[in-house]
Amino acid sequence: MSQPDQLIIFDTTLRDGEQSPGASMTKDEKVRIGKALEKLQVDVIEAGFPIASHGDFEGVSAVAKAVKDSIVCGLARALDKDIDRAGEALKKANSGRIHTFIATSPIHMQHKLRMNPDQVVEQAVHAVKRARNYTDNVEFSAEDAGRSEIDFLCRIFEAVINAGATTLNVPDTVGYAMPHQFGDLIHRMRERIPNSDKAIFSVHCHNDLGLAVANSLSAVSNGARQVECTINGLGERAGNASLEEIVMAVRTRPDLFSCQTRLDTTQIVTCSKLVSNITGFPVQPNKAIVGANAFAHESGIHQDGVLKSRETYEIMRAEDVGWSQNRMVLGKHSGRNAFRTRLEDLGISFESEEELNAAFSRFKDLADKKHEIFDEDLQALVTDTKTESFNERVKLIALKVCSETGEIPHAEVILSVDSEEEPGVASGGGPVDAAFKAIESIVNSGAELQLYSVNNITSGTDAQGEVTVRLEKGGRIANGQGADTDIVIASAKAYISAVNKILESALKAHPQTGDV
Ligand code: KIV
Ligand code: ZN
């Protein structure tokens, strides 16, 4: 029997995923997700669009420096300044890729680019050659390929292969394709392009009609050997193809696919939770693979079947994608070494002893309130510690909230702002509202609350609550996280974390629509 081909998994959570309105990530958050993706063993991590803003450039450079076992990629339009910026951002990468793109559909060429097809081919070829000055790993994307003419796609792909492109990406940018037709497009291009064997065919599908995964898999059946996807299907509008669904589909049906990925699928749930927590985009309970109900067998008939033989109703094993029963891992008497070792097992490391000490002291506080500490608690605790980094301008010192039947809730808060302690008081519709108003009375951020969400990290009434707050000000969006066994304190921490990010953040350009 012949060995299956490798299906390259190109994760774009940090780039296309971040383009979902509200899903912005800081440099440190990108590094955390980048490290988790490396542990998942994805082949390529697209870390951002370096020309978009200083923050994006820094994010790509930081991921390039931190990640060693995956290729790190930066996006660039087919313009010299974009390519040079991407090349610069990837300088520290062990293995870097430049991904350059230009639109190829009649509608985009005419209305967006205002260029004729000859000019588009010329610019694409020039861009690929320029990118080759920085790396020999160059990907070219024909934006809106899903609505482009096959003759033109064949022409431009043949030209960019000759110019040095090693991956040809076929994006269904607006989610317009149908599975059989998209698969057929890949098949015909591979047959018609004379040098098609010199490059890997890749697909990048959006989910506007709910077909991103189906279209990607149809392309794989027709010879595509790279799929661009995101954790939890995050991405522009309705999102991108979901990584976990693609990977588990080819793994579960080896009888239908002649390729396999090299991913460690047991890391999928950890990555999903991390991305959801950092972006504030919850995972719907019935979401395939990573939804809370994905492996729950509620009905009596199913339970009976699963107990007799799990294959009766289960096509995958929950543990293969990283769903583990809440397992107590540490407790009040666990020492610093046990703490550090468990975090290392979870793929979490600290940049300094100071950061480790801060996390350990939080762990001790938590263990006083909560007897059993699970992996999920440790993840949240680390988010919390890293969120409250040492150089943040606003810090929570103390919070007191009164909430009583028949009385208006009231909050008193003390914050440290640029190392000065400042008190604030306010009343509100509920204790969380009062706390947020008391914080605002000090920081006067003027930001608008766009999202407030609370999740319990584990079960039980002593579980920690994990809160995400999204704030918007003048087009800038920031997500803040906080975790605590007290929901109001977790909420205040999340609000302060978002305020700190608003104070730091800058506007950034969109690769496909924004001017840079
Ligand atoms: O959807 C798209 O076309 C893109 C390209 C930049 C690859 O994201
Ligand atoms: Zn896209």
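# A tour from pocket to barrel

The lining of the second largest pocket has 15 nonpolar, 21 polar and eleven charged residues. In this count, Ala, Val, Leu, Ile, Met, Phe, Trp, Tyr, Cys and Pro are nonpolar, Asp, Glu, Lys and Arg are charged, and the others, Gly among them, are polar. This is a predicted model, in which local features need pLDDT of at least 70 and side-chain atom pairs count only at pLDDT 80 or more, while totals for chains, interfaces and linings use all residues. Residues are numbered from 1 along each chain as its sequence is written, chains are lettered from A and ligands numbered from 1 in the order in which they are written, and side-chain values use heavy atoms, with hydrogens and water left out.

**Stop 1: the pocket**

Stay with the second largest pocket. About 1400 Å³ of space lies in this pocket. Select V269, K273, W323, E376 and I457: of its 47 lining residues, these are the closest to the centre. A pocket here is an open set of points on a 1 Å grid over the protein atoms alone, where a 1.4 Å probe fits, with protein on both sides within 12 Å along at least five of seven lines; lining residues have an atom within 4 Å of a point. Points are joined across faces, edges and corners, and the volume is the space filled by probe spheres set on them.

Now colour the elements around the pocket. α10 (268–279), α12 (336–345), α14 (375–387), β16 (448–456) and β17 (465–473) each supply at least two lining residues. α10 gives the most, with seven residues. Helices (H or I, at least four residues) and strands (E, at least two) are DSSP runs, numbered from the N terminus.

**Stop 2: the open sheet**

Follow β16 and β17 out of the lining. Three strands form an open sheet in the order β16-β17-β18, with antiparallel pairing. The edge strands are β16 and β18 (476–484), and each pairs on one side only. From one strand to the next, the twist averages 15°; axes are lines fitted to C-alpha atoms, and angles run from 0 to 180 degrees between N-to-C directions. Two strands pair if DSSP finds at least two bridges between them. β17 and β18 are joined by nine bridges, in the antiparallel sense. Select V467, then look across to G482 in β18, which stands opposite.

**Stop 3: the closed barrel**

Next, show β2 through β9. Eight strands run β2-β3-β4-β5-β6-β7-β8-β9 as a closed barrel, and the pairing is parallel. Here the twist averages 25° from one strand to the next.

Zoom in on β5 (residues 96–103). Six bridges join β5 to β6 (residues 138–143), and the two run parallel. A103 stands opposite E143 in β6. On β4 (residues 71–77), six bridges again pair the strand with β5 in the parallel sense. There, G74 stands opposite I98 in β5.

Is β5 enclosed or open? Eight of its eight residues are buried, so β5 is largely enclosed by the rest of the structure. Buried means under 20% relative accessible area, exposed over 50%, partly exposed in between (1.4 Å probe, protein chains only). G96, I98, T100 and I102 point one way from β5; R97, H99, F101 and A103 point the other way.

**Stop 4**

Select D144, in the loop between β6 and α6 (150–163). D144 has a positive phi of about 65°, although it is not a glycine. At 0% relative accessibility, D144 counts as buried.

Move to N232, in the loop between β9 and α9 (243–252). N232 also has a positive phi, of about 60°, and is not a glycine. N232 counts as buried at 16% relative accessibility.

**Stop 4: β9 and the cysteines**

Step back to E228, in strand β9 (residues 226–229). E228 is buried, at 0% relative accessibility.

For C259, the nearest is that of C229, at 13 Å. C229 is buried at 0% relative accessibility, and C259 is buried at 1%.

**Last stop: α13**

Finish on F363, in helix α13 (residues 353–369). F363 is buried, with a relative accessible area of 0%. Draw a distance to P179: the C-alpha atoms are 49 Å apart, across 184 residues of sequence.

Notes. A disulfide is a pair of cysteine sulfur atoms within 2.5 Å.
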